[in-house]
Amino acid sequence: MCHRSRKTSRIRPAAGAETSKTIAKERLKLMIEAEKQKLDDDTLNQIRHEIGSVITKYVDIEPENIEVRVTLKDYKKRA
Amino acid sequence: MGKVITFTSGKGGVGKTTTTANVGAGLSLLDKKVVLVDTDIGLRNLDVIMGLENRILYNLVDVLTGKCRLKQALIRDRRYQNLWIIPSSCSKDTTPVLKEEQMKRLLGDLRKEFDYVLIDSPAGIDYGFSLATSDADLVAVVTTPQVAAIHDADCVLQILKKKKKDIRLIVNNFHRQMVKDGDMLDIPDICELLDAELLGVILEDENIIICQNHGEPVMGKHTVSEECYRNIAGRIAGQEIPIPDYIRRKSIFSRIFFKNTAGKLV
């Protein structure tokens, strides 16, 4: 991918290869996008807790007996 | 029994993570079995610099809280023979859920498996810093020749000296021309100010940024900084490598000084 010319000089990409800047931007885009899409554990627990407490309003059941599973379909971005 | 070495700095952005990654790669090239541990909880960088961000399944917090086994969180760097990393988490929850005993137990396990455990400490002198340094056999304080970095390095050194830690200094981003022009503090100045033994000097090198863009250590890229990292790795592994006189001083005194400041490690 890279070759060197002199010890003190910069690593230059081979002719026609992507510059390292383009590679860096591409990697960062992927990372930032992936992090935005992830629901962290705390938020997920909060969702479970809130849905559970709504259910107890209408159904006579102890909160610990409710199991809430969250599946996100075609989920792109958090508000 | 492996050795635990923590890279810390006080000030952020002086090159702890880069140094950890490259010294680790250098040690693995010396046929040592090495693991790099990112302890900067919430702000993971080490995996990004090593280009291993897409291979994370579990992280340090998962291991310490017992969510997964140690083996599951270890990511092998296939470019090197004997190099593994444990990434940090990226959760927004920054509460210190981790305890020193958990860390000690983990490091005990890693010591049995690896020759060197290199810890990338978070910046600052908060809980994360004490967690990263609590069980270290050697603490390498990374600084640059800039006033703020040296000032913060001194704060860190004072804390570590009180804890009776074995400490070495690494000077990163050393511009030879600026030192020659009298616009940058020289190595003897920094050693005198901080009163610490030198482990190595890393010359300023644009290739570090280029390699990080690619997600690779500079090892094997034949750049000026590569040699510096190799020297540090060699010194850690017990080789006697003097610190080169990068400025080519004329006076005999400074040459003697330079020969003697490259500390031998036990």
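How many helices and strands are there in chain A? I looked up chain A and found two helices and two strands, taking helices as DSSP runs of H or I with at least four residues and strands as E runs of at least two, numbered from the N terminus. From the N terminus on, I read the order as β-β-α-α.

Ground rules I kept: this is a predicted model, where local features need pLDDT of at least 70, side-chain atom pairs count only at pLDDT 80 or more, and totals for chains, interfaces and linings use all residues. Residues are numbered from 1 along each chain as its sequence is written, chains are lettered from A and ligands numbered from 1 in the order written, and side-chain values use heavy atoms, without hydrogens and water.

Next I checked burial in chain A: 13% of its 79 residues count as buried (under 20% relative accessible area; exposed is over 50%, partly exposed in between; 1.4 Å probe, protein chains only).

I then went to A:Val54, which sits in helix H2 (residues 41-58) of chain A. A:Val54 is partly exposed, at 46% relative accessible area.

Over to chain B, strand E2 (residues 34-38). All five of its five residues are buried. I see B:Val34, B:Leu36 and B:Asp38 on one side, B:Val35 and B:Val37 on the other.

Pairing came last (two strands pair if DSSP finds at least two bridges between them). E2(B) runs parallel to strand E4 (residues 83-86) of chain B, joined by four bridges, and B:Val35 stands opposite B:Trp84 there. With strand E5 (residues 116-120) of chain B, E2(B) also pairs in the parallel sense, over five bridges; here B:Val37 faces B:Ile119.
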